[in-house]
Amino acid sequence: MSTDTPASAPAESAAERYLAVQRSDEFAGLRRALRGFVFPMTVAFFLWYALYVILSAYARGFMGTKLFGNINVALVFGLLQFVSTFVIAWLYARFADRRIDPVADRIRAELGEVTHEHGPRG
Amino acid sequence: MSTVLAAEAGSTTARNLTITLFLIFVAITLAITVWASRQTKTATDFYAGGRSFSGFQNGMAIGGDYMSAASFLGIAGLIALYGYDGFLYSIGFLVAWLVALLLVAELLRNSGRYTMADVLAFRMRQRPVRTAASVSTITVSIFYLLAQMVGAGALVALLLGIKPGTTFLGMDADTAKVATIILVGALMIIYVTVGGMKGTTYVQIVKAFLLMSGAIVMTLLVLAHYKFNLSTLLGDAANASGKGDNFLEPGLRYGVESGDALKTFYSKMDLLSLGIALVLGTAGLPHILIRFYTVPTAKAARKSVLWAIGIIGTFYLLTLALGFGAAALVGSQAITAQDKAGNTAAPQLAEALGIKFLGGDLGGATLLAIIAAVAFATILAVVAGLTLASSSSLAHDFYANVIKDGQASERQEVNVARISALVIGAISIVLSIFAQSLNVAFLVALAFAVAASGNLPAILYSLFWRRFNTSGAVWAIYGGLLAAVVLVFFSPVVSGAPTAMFPDHDWHWFPLSNPGIISIPFGFLCGWIGTLVSREHDEEKYAELEVRSLTGAGAH
């Protein structure tokens, strides 16, 4: 995994290469795609979870409404949190496989020969 | 309906069987540890298990690391005694994994090497940031460790059925507690110093398998008893609880409504505060974060979190059946007679189910023994992960990068990590023995609060905010850490309440048990202000961090 061995006389320093990649359109697209998915999704699941906690605290009557048998809104709402967690995880995996991995692999391959001068250990 | 744990008839059988099963677990895990030590040659082997685990293996290990005694025994007990509110806890613990999946796991795997601080210090001045990260890692891990070890001590007397006045191997209940704490501590030190990350990971995988198997079997038996009708189970649990429909609704444990308007207000604030800390804490727990380094790529890190979400989510669904099953089949009176906090609900349920399905007292004793042994395995796997996280940080962050300024050899570093594990383990044993008579269950919630208030802001700013700098990282970590610890110190869980750590004293002025609702925003605010007061900025290192974290270029 490690690429600590310095390549012989790189044309430009590693730092310059990283800066160049970071400023490239391809990388900007990757960053936009990733943030465009994870940020709204994080806000969405957090609000959905917050709604659940707030209803548990302040809407006891509603949460206690029986739907069928002894199954009430609170239980269904709680189980829906499980469902939404599983669904978001699955959506993200599908998104990352299709939209993130190919671009990341391409950029990494382009950077392949770059020298990594590991400044700090780690 | 109620059963008395380890009733005299089955008592000796159950006790011997529990001990035998536990010894088998210990023997197997020690054998794995010795095998793992032969495979552990480099620092990467010791800290990150050679990065050789698959996504599925690491997903299991994450489950084994995360599903502590607090979630297995604690949540089942909470549901058994307070009904719905225990479920609320497990939902927070599960949803939290989305933060780790979407924002942290892959970026951390790509840009870090062994510890949380590798990412935090990537584009910062090493010494101040690594020192802060080390302090926070050790604080969080020790809090968590103490809660687990004291819990193990308290459990042993109950699970082995050592009652006041009776003895076991010549030990009375108090001596047995101390002996258990020392035994658990000694085993975790051996797992970590000898087996490193590889040994610890296998211990966690074995434990996750045992825990899931035990929970699945018990759930099937509970559901079979109710002919797979969830509604009947819930109805029976509600009736047996004596609280009727309220048992199936939120509000018996958290956000309790009382006649006093101010009390009710604080109680509901406390519920919101707990909810936020649960969901934001996980992705800042150092012992969870270092698990992402044990796989070869970011894609494998993603897969491990997906497996972890599946395993942990399934487990929490099972605890629903276990908790309500215990409420219905064991009954809260029989549970509180054993343990006021309800921690023995799951083992007691196992005994009741064994008596019903496996043929009388012997069956009861057998199932009880199996679940009790699983509970000990659970504790061992978690404490090993915590010890590894804190000793890694002490060796890699503090010794190698702060004291030695990055000049220590791999060999020296790993030796220091082993010594650190020994020292941290020894300190935890001593602290746990002193703390065993105190109520320290709140320490798990405090660990989550510190992780969410100090570590998470620093991690997220590091990965996503270009302007973030050394000063911001240091402010965020110390600010969040101090806010959480100080607020809890002056809260009713430490003094001024009958259930407090020091029930006979009262210096509390902060009304909430959970500091998250204040300390988490405070941590983020500190990180923001700290950043703005410093002009430091390293554009080149930020470019490297961003490119590496998103693409995996140059990943270790």
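Predicted model: local features only at pLDDT ≥ 70, side-chain atom pairs only at ≥ 80, totals over all residues.
**View 1. Overall build of chain B.**
Chain B contains 20 helices and 0 strands. Its C-alpha atoms occupy a box of roughly 70 × 60 × 45 Å along the principal axes. Buried residues account for 68% of the 556 residues of chain B.

**View 2. The largest nonpolar core.**
This core holds 251 residues. Those that touch the most other members are Leu120(B), Ala326(B), Leu349(B), Ala375(B) and Leu380(B). Helix α15 of chain B, residues 360-403, supplies the largest share of the core, with 26 residues. Which residues surround Leu349(B), leaving aside its neighbours within four places in sequence? Leu349(B) is in contact with Met218(B), Leu322(B), Gly325(B), Ala326(B), Leu329(B) and Val330(B).

**View 3. Overall build of chain A.**
Chain A has 4 helices and 2 strands. Read from the N terminus, its elements follow the order α-α-α-β-β-α. Of the 122 residues in chain A, 29% are buried. Residues 24 or more positions apart make up 66% of the chain A contacts with a separation of 6 or more.

**View 4. The contact between chains A and B.**
Chain A contributes 49 residues to the contact, and chain B contributes 53 residues. On the side of chain A that touches chain B, the elements giving two or more residues are α1 (14-22), α2, α3 (60-63), β2 (71-72) and α4 (73-110). Helix α4(A) gives the most to this side, with 16 residues. Sorted by class, the side of chain A that touches chain B comprises 30 nonpolar, 14 polar and 5 charged residues.

**View 5. Two helices packed across the contact.**
Helix α2 of chain A (residues 25-58) packs against helix α5 of chain B (residues 84-111) at an angle of about 170°, and their axes lie 10 Å apart. Because angles over 145 degrees count as roughly antiparallel, α2(A) is roughly antiparallel to α5(B). From α2(A), the residues Val38(A), Met41(A), Thr42(A), Phe45(A), Tyr49(A) and Ser56(A) take part. They meet Leu88(B), Val95(B), Leu98(B), Leu102(B) and Leu103(B) in α5(B). By class, the residues of this helix contact are 9 nonpolar, 2 polar and no charged.

**View 6. Met171(B) in a loop.**
Met171(B) is placed in the loop between α7 (126-159) and α8 (173-225) of chain B. It counts as partly exposed because 17 C-beta neighbours lie inside 10 Å. Apart from neighbours within four places in sequence, Met171(B) is in contact with Ala176(B) and Ala179(B).

**View 7. Two loop residues with positive phi.**
Lys227(B) lies in the loop between α8 and α9 (230-241) of chain B. Its phi is near 50°, a positive value in a residue other than glycine. Is Lys227(B) buried or exposed? Because Lys227(B) has 8 C-beta neighbours inside 10 Å, it counts as exposed. Asp405(B) is located in the loop between α15 and α16 (410-435) of chain B. Although it is not a glycine, Asp405(B) has a positive phi of about 55°. With 11 C-beta neighbours inside 10 Å, Asp405(B) counts as exposed.

How values were computed:
Residues numbered from 1 in each chain as written. Chains lettered and ligands numbered in written order. Axes fitted to C-alpha atoms, helices over the stretch in contact; angles between N-to-C directions. Parallel < 35°, antiparallel > 145°, perpendicular 65-115°, else oblique. Contact = placed C-beta atoms within 7 Å. Nonpolar A, V, L, I, M, F, W, Y, C, P; charged D, E, K, R; others polar. Buried ≥ 20, exposed ≤ 12 C-beta atoms within 10 Å, placed from the backbone. Core = buried A, V, L, I, M, F, W, Y, C linked by C-beta atoms within 7 Å.
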